[in-house]
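Hello,

Here is the model we talked about passing on. Please open the file first, then read my notes below.

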Amino acid sequence: MQPLVFDPEICLACESVDCIMRCQYIDLDQARAKQEHDRIVRGEMSSILKDCVTCYACEEYCPSGNHPFYHIVEQQERLGVHPVPRPIEKSQVIMMAPRGRIGKKLVSPPVIDMCFFDIMKGGIRGRLFDGATTIGGSDVFCNLMFLHFARNSTIRERLPLVMDNIMRFHLEPSGVRELICYHDECYGTYTSWAPAFGIEVPFRPVHLFDYLYHRLLELKADIKPLNAKVAYQRPCSNRLCPETDHFVDDIFGLIGAQRPKRTYEYGNALCCGGVPEAAQRFDLVEEIRGKNVADMKEAGVQYCVFNCPFCFWTLAEPVAKAGIFPVMMSDLCLMALGE
Ligand code: SF4
Ligand code: SF4
């Protein structure tokens, strides 16, 4: 297994330390940020390793693409920092493990990889997904969530088997090379995490929003503009593939959704609060959710749209209580198609 593509010299020469200065959860002045980050680079303990809420955002903030977050996770694991209490960490490692129950299933394009969220496959319907096949469950689960648990080793250990399962049981026997990732987490795994660790991906991953946008273009004549104001809850894993973020505006443009200006969106998006909740940082959870929902309300939105099911499950209730309708992106698109 290859080491992380990370150049310590780039960090030691970096004055801006954007990875920490732009972090929304760690408040250090420039000199302290530099000092603490240099400690991590030298392999020493740092307050950053303990205070990080694993929001993934610094992967996007580093102008040199030097993988600050993957490096943080590696150092947390090496130095025994556990962002989430150990009993929860251990139970998740067991619960999310590949169960070895996969069997050969022929698929036809578009093939949607539901990640662990098979429970959501009812959303793969209507003209948007004509002829689609889904795969999902523990044996094809990317395991990237273990970045939140300082368990990079778990991802390293499981991902080769997961990709082999996808190829051997589904794509290869069906002659398919393209996989549409329902969850940003899978797409981020295959386009960011795997290359960062020198791991080859044997299929072409496609982001769900890329698929939806191009499918909507084909169905453009049938779209009835929603004429509604919509907020987007950007998930942490989209920080690993910021090049796909423009699809939100592209899709909104096609379905007639307006995106009023908000404080907490694009690079400033706030976490849904689900991971800090697992880490039992309850004060922070209240603060983040309060700020996020108040920001949506202030922007006067009718809908809050999600791509990540975990964000949906954690934020749907406070959003609904604020009088905003929570909806998954694919369902919002179906509404514009009158379905
Ligand atoms: S990770 Fe990027 S932003 Fe952070 S110190 Fe290194 S080069 Fe600078
Ligand atoms: S992952 Fe998020 S909380 Fe952790 S250092 Fe990076 S930006 Fe800050």
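**Notes on the model**

V17 lies in the loop between α1 and α2. (Helices are DSSP runs of H or I with at least four residues, strands are runs of E with at least two, and both are numbered from the N terminus.) Phi of V17 is near 45 degrees, a positive value in a residue that is not glycine. Most residues other than glycine have a negative phi, and most peptide bonds are trans. The bond from P109 to P110 is cis, with omega near -5 degrees. P110 sits in the loop between α7 (86-95) and β1.

Some ground rules. This is a predicted model, in which local features need pLDDT of at least 70 and side-chain atom pairs count only at pLDDT 80 or more, while totals for chains, interfaces and linings use all residues. Residues are numbered from 1 along each chain as its sequence is written, and chains are lettered from A and ligands numbered from 1 in the order in which they are written.

**Domains**

The protein chain splits into domain 1 (8-79), domain 2 (94-212) and domain 3 (220-336). These bounds come from an automatic or database domain assignment. The centres of domain 1 and domain 2, taken over C-alpha atoms, are 29 Å apart. Seven residues of domain 1 are in contact with eight residues of domain 2. Contact here means that the C-beta atoms, placed from the backbone, lie within 7 Å. On the domain 1 side, the touching residues are two nonpolar, three polar and two charged. The classes are as follows: Ala, Val, Leu, Ile, Met, Phe, Trp, Tyr, Cys and Pro are nonpolar, Asp, Glu, Lys and Arg are charged, and the others, Gly among them, are polar.

**Ligands**

Which residues are around ligand 1? They are I10, C11, C14, V17, D18, C19, H37, C62, S64, N66 and P68. (A residue counts as near a molecule if its C-beta atom, placed from the backbone, lies within 6 Å of it.) α1 (8-12) and α2 (18-21) are the elements that give two or more residues to this shell. By class, the shell around ligand 1 has seven nonpolar, three polar and one charged residues.

Ligand 2 is surrounded by 13 residues. The closest are C23, C52, C55, A57 and C58. α5 (57-61) and α6 (68-79) each supply at least two residues of that shell. The shell around ligand 2 has twelve nonpolar, one polar and no charged residues.

**Sheet β2-β1-β3-β4**

This is an open sheet of four strands in the order β2-β1-β3-β4, paired parallel. (Strands pair if DSSP finds at least two bridges between them.) β2 (133-135) and β4 (204-207) stand at the edges with a single partner strand each, so one side of each has no neighbour in the sheet. The twist averages 35 degrees from one strand to the next. (Axes are lines fitted to C-alpha atoms, for helices over the stretch in contact, and angles run from 0 to 180 degrees between N-to-C directions.)

β3 (residues 178-181) and β4 run parallel and are joined by four bridges. E178 has R204 as its bridge partner in β4. L179 stands opposite P205 in β4. Helix α9 (residues 184-196) lies across β1 (111-113), β3 and β4, at about 135 degrees to β4. β3, α9 and β4 form a right-handed β-α-β unit. Right-handed means that, with the strands pointing away from the viewer, the path from the first strand over the helix to the second runs clockwise.

**Sheet β6-β5-β7-β8**

Another open sheet of four strands has the order β6-β5-β7-β8, with parallel pairing. Its edges are β6 (257-258) and β8 (325-328), each with a single partner strand, so one side of each is left without a neighbour in the sheet. Helix α15 (residues 329-336) packs on the sheet and touches β7 (303-306) and β8. The direction of α15 makes about 95 degrees with that of β8.

β5 (residues 228-233) pairs with β6 in the parallel sense over two bridges. A228 has A257 as its bridge partner in β6. From β5 the chain crosses through helix α11 (residues 246-255) to β6, a right-handed β-α-β crossover. Four bridges join β5 to β7, and these run parallel. Y232 stands opposite V305 in β7.

Best wishes

Methods: Two residues are in contact if their C-beta atoms, placed from the backbone, lie within 7 Å.
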